[in-house]
Structure formats: C-alpha cells, structure tokens
Amino acid sequence: MTFDAKASTFELKLACQMQIAQQILFMICAVAAIFFFTKKVKEMRRNILLGRDEDISDNKEQRWKNMILLALGQKKMFKKPIPALLHLVVYAGFIIINIEILEILLDGVTGAHRLFAPMLGSLYAFLVGFFEVLAVLVLVGCVVFYIRRNILKVKRLDMPELNGWPRNDANLILITEVVLMSLFIIMNVADLSLQQLGAEHYTKTDSFWISGSLTGMFSGMSVGTLVAIERTCWWLHIIGVLLFLNYLPYSKHLHIVLAFPNAYYAKLNPQGEAKNMKEIQNEVLYMMEPDKAPAEAAAPTSFGAKDIKDLSWKNLLDAYSCTECGRCTDACPANMTGKKLSPRKIMMDTRDRMEEVGKNINLNGEFKDDGKSLLHGYITTEELRACTTCQACVEACPVSIDPLDIIMQLRRNLIMEESSAPGEWNMMFGNIENNMAPWKFSPDDRDAWVNG
Amino acid sequence: MSIKNMAEYAANGEVPEVLFWVGCAGSFDQRAQRITRAFTQILDKVGVKFAILGKEEMCTGDPARRAGNEFLFQMMAYNNINTINAYGVKKVVTICPHCFNVFKNEYPKLGGDYEVIHHTTFLQQLINEGKIVLKDGGAFKGKKITYHDSCYLGRGNGIYEAPREVLQAFDTELVEMKRCRSNGMCCGAGGAQMFKEEETGTNRVNFERAEQALETGATIIAANCPFCTTMLTDGVKNKEKEDSVKVLDIAEMVAMSI
C-alpha cells in the first residue's frame, strides 16, 4: 500500500467517524429537545387544568369552522389589512418551511445529505427554491415587524405593560426568525457551491431560485472552507430550530399552536351574554321557594374568582394563547381614555400568575399557599372597575380570547366575597333592592311617565 | 292616548300582542321618558296592541350583574320572570339594549323564554311592512346623521343593520364614524359605569365618543339606547355644540316624522 493510499484510507475513516459522531450528536440534541419540550407541554397542560371545569363540548361543527376560519384563516386579523398580510406571509412561510425541517431531521439521523433529492428529481429543486422564496418573505416580514415595534413604535406595541420581558420576547422572536432564515439560505448557497466543485457527499441537485443567484459570494473558496460554512449553518439552523421549539412555551409565540384549540373552544353564544351562576340561581330559588331546596343542599363556598384555580380552564388556555398584540387594549374605551385597565394586561397577568403557581407546584409537589393571588396581587380593583363590559376586547382578539370573562369573575369576587364596591354602586344596589330601580325613585312612580 | 298595563288586559281576559318593557331609564329618567313616549306614540298610531307592566316592572338586574352582584341580579330575574310568565307573555319589545340583552340571552336560562325584540328592529319591521310611512322623507330631510352603535345591540347581539335601515328610510345623509359597527366605541355607561364616577384617566369615555361623532360633521347623532343618549348628550355639551347638534333616539326621530 502506498503512502497516498494509506493517507486516503485514513481520511476516509476519519470522515466516516466524523459522520457517525455528527449523527450521534444530532440525535442527542433532538432527543433532548423533544424531551424538554414534552415535559413543558405536560406542565402547561397541568397548569391549564388547575382551572375550574367548564363543559365546552357542544356544537362541534361550528367549532371546527371557527378553528379553520379564525386560526388557520386568520379572519379577524384582516380587520387591519397591512399587518394581516405581513403576518400571513410570516406564518405561512414559517409553517411551510418546516416541511424542509423533516428532511433536515432525517438527514441528521441517517447521515444522508438531502435525502429527498434523488427521490423527487427536478421537483426537489423547485420545492427548495419555493421554500427559499418563503424564507426571504419571512425575513422581510420580520424586519418590517421589527421596524414597526422599535422604530415606528406602533402605539399598541409600545405600551408600559410590555416593558421588560414581553418587549424582549417579541424582538427575540423576530431576530431568531431572521437568523434562522438567513442560515437556511446561506447553507444552500454553500451547498450549491460545493455541488459545483463536485465535492463528495454533496448530492447534485438543480439550482435553487434564491441561493442559486448568490453562489458568487463564495466563489474561489476551497472545499474545506465551504464544507465548514455549510456544516456550521446546518448545525446552527437545526439547533436554532430545536431551541426555538423549547422557547415557545415561555414565549408569546406559543399562540402559533394554541390559537387552534383556543379558536375551537371560543364562546359561541352572543358576546353580550354573561355567564350564569347556577349556584346563585339555586340559592335564590331555595330562598324564595324553600320547598324546592334539596335536603342536603350545600351552600356554595366561594363566589367569583380570586385566583387561577377559580377561573375556568378556558380562561387559562386564553392566557397561554395570548400573543400580546394589544388589539384588545387598542379597542378598549377605558384604556383609550387613560384608565388603568388594559385587557392585554389582564391576560398577561393571568399567565404570569399561572406560571408562578405552576413553579410553586413543581417545587413543593403541590400548591403551597404563597399568600398571593391574581386579584390584588396582579390585577387591581381600579383596573377592574374601569371596565364598561363593552366587549370591544373580545371582538378584537384574533385568537378568540375573552378577557371580559375574567374581568367579570374578578368583579364578582370583589362584590360578593369582599363586599368591595364604590359607595355609588352600593347605593345603586340598595335602590334596586328597595325601589326596583337603580335610582332612588318610588316604584309607584314607575308608570308616571304615562301622564307626563 | 291611553296606555294599558298587563293587569288591565288580564282583567278583561285579553292578551296583548306585545309587552313593552320600558326599563328603568325609560320609566324614570326625564330625557329617556321622551323616548318612551315617542315609542308609544308610534305603537299607538300604527295600532299595535301593546301593554306595559306598569308598577309591576322591576329593574332587570343588569347593572347589578355587570358590577358583579350576581345575587341581586338573580333576585330581580326571579321576580321579573315570575311576573311575566304569570301573564303568559310571548313577545317583549324594549327600548333599552341592556334590558334587551338580558331578556334575549340571560333570562332564557332562568326560565324566562320570550320572543325579544329591540325597538329599532321593531321599527324597521314596521317600515318594511309599510305600516310606518315617513312624511315627505321625514323631519330630518337633507340633514347629516351619524349613528352610534350601542355595545349591547351591536357587538353584544350583532344587530348593526336594522337601526341603519330605519335611518335610511329618512331622506338624509348617513355618515359613519371611524369606529362603527363591530368596532364601535362604547359611550362609557355600560358595565354599571352609569352609576358611578369614572376611574381616573385622561379623558371621559363619553367625551371621547362624542368628539368622534362630532368629527363626522353630522347635526344629528342617532342612538338606540337611553344611556348612550344621555352620555352622548353630555359629550356634545362638553364641546358646547348642543345648539347645533342633537342627540336623538331613533324612536324619537320616527315619531317626529309620522
């Protein structure tokens, strides 16, 4: 065996070992990512189920329709056409490009390169080219979104409740998407350059639309450098994707998934309808008609909501689904006129408190009283009292969140548990009770207008 | 015009076509009483056989429920439903979208199931049936009108077109505010805000909404709710436009034109 032949066998062996090492490393990363993501998903599910039971199993047909129209079709987004279009591009692009992730995952596991290329023939280059076009659109969309947030400072995206983490979260998502898309395209440019040089292992494909026109930027580079660039981009891209998957549950970006169940479970009754409190309806009935009271009727223990566990699971799903876009707050007449109430903050507070309770459970095995609650600890009386129950927030939400339902339940707790009401409301209650009208008029004069 | 109540009908062994639920504002508030009278004039003129509950009517409990006092709401609901059911009422018309919402969406779960209709829809039907004919295009001929969607008729129950159709029957120009229909802005009275001072802010909700209405250049602001009417009137006064701009309920506008 000549020295050259020995060397090439050694190189081949080395390359083979490198390949196997990469496969193992990849599988460790993928398994870890899926493990941690699953763990967090289970935790979120447990947190949502901390809420009270609420039966939402009716009218399945309408619910599926809502999911397709509101979540997939983003119907409500189109009330604001420009952000809607940008959002659609970023969303569709982001989802469709994930088909490419399937190949990347399989390549990572099997050690193949562009596994689908030989199977799909010329369709392959078309598909990757299409993904590249989407990637560029996503990239442009994210840049425009970044500008709207940080330079144009669109009002609803620049409010005090977003200070700190929420603002960083939003920007981090946009930057991550820009980086991921860039890596995807640079990877393809390096790949095409390697194909042109006839590098081993780099399956020949037709040129891709975007990266094909960019190969000039790597001209004159050696195979070694190009392989390093291609591998670096490939690794950063897939690790970025796996990290982003695990970032989702801590981020407002979670709406990309939860918009679907949330639209499915959206309120179907007219928005004006307040939820009935059956336990109080019964209390009143038993008081007025004692013979109807069952012998062992247990009096209700608490009214309205003070903390997470008093809200329904749908309220908590709402909180996880919120992407803090602020369309609710933008439409809120109280917020618009400088009151403290912001429906978005109600949702963010609910999520923060739910996460806090969740951490408490993780730490102690079960919830240990921390002396805090959603009401007062996060949401103040002043915010709740500013609500006109106009439902503008409910109407505005693209992912069918109902902040008013939470506000109403907290208000019920304030009145019925704490007897906390402004003096004028107490007078109004007294008048209704005694005069059958919210004002202090004699019930005998109710039809006096007839003679007026 | 004599207005009979349910008890009088019952005493004669008769059942009226429809119960006119006046509501607390329509019964006691002097401004809203004008809406009540206007609506009864129309009913009388058209020949609708209607009755009121009179002294037997009570607050629906809406402001109590919205404030969070479910006990009081349930008490009022219990009493009202018992009274109305005892008279065998089938159809209820009301001039208040808050009462309308409670009757249409909340009383059925408590045993009070009626055909419920808001007066603007009722008027639209009478116009469509040719029972109301506006004289010479109405009293507002050539005037510019803007329409304020109340939350509980609009967003709350999805009724946006019926009131507009009534206004289109007038020979006028209907101009929309920037925020209208499902995006309409509250007058500030809902959620029991009518009965308390507003929380601290930079402006009052009704001032803001009235400014939006005034921006259209309309000389008539048409409303469908006694609370909106009061709130917007105050808002117009705040801008010292009360001499040139009037806030009117759609029933008043129709009554002036027949």
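This note covers a sheet, the cysteines and the cavities of a predicted model.

1. Basis. Residues are numbered from 1 along each chain as its sequence is written, and chains are lettered from A in the order in which they are written. Local features need pLDDT of at least 70, side-chain atom pairs count only at pLDDT 80 or more, totals for chains, interfaces and linings use all residues, and side-chain values use heavy atoms, without hydrogens and water.

2. Sheet in chain B. Four strands (DSSP runs of E, at least two residues) form an open parallel sheet in the order S6-S5-S7-S8; strands pair if DSSP finds at least two bridges between them. Its edges are S6 (173-175) and S8 (246-249) of chain B. S7 (220-223) is joined to S8(B) by four bridges, and Ile220(B) has Lys246(B) as its bridge partner there.

3. Cysteines. Across all chains there are zero disulfides, a disulfide being two cysteine sulfur atoms within 2.5 Å.

4. Largest cavity. A cavity is a set of points on a 1 Å grid over the protein atoms alone where a 1.4 Å probe fits but cannot get out, and lining residues have an atom within 4 Å of a point. The largest holds about 730 Å³, a volume being the space filled by probe spheres set on the points. It is lined by 39 residues, and those closest to its centre are His87(A), Lys252(A), His255(A), Thr323(A) and Cys325(A). The largest share of the lining, five residues, comes from H3(A), a helix spanning 81-110 (helices are DSSP runs of H or I, at least four residues).

How values were computed. 1 Å grid on protein atoms, 1.4 Å probe; cavity = no way out; pocket = protein on both sides within 12 Å on 5 of 7 lines; lining within 4 Å.
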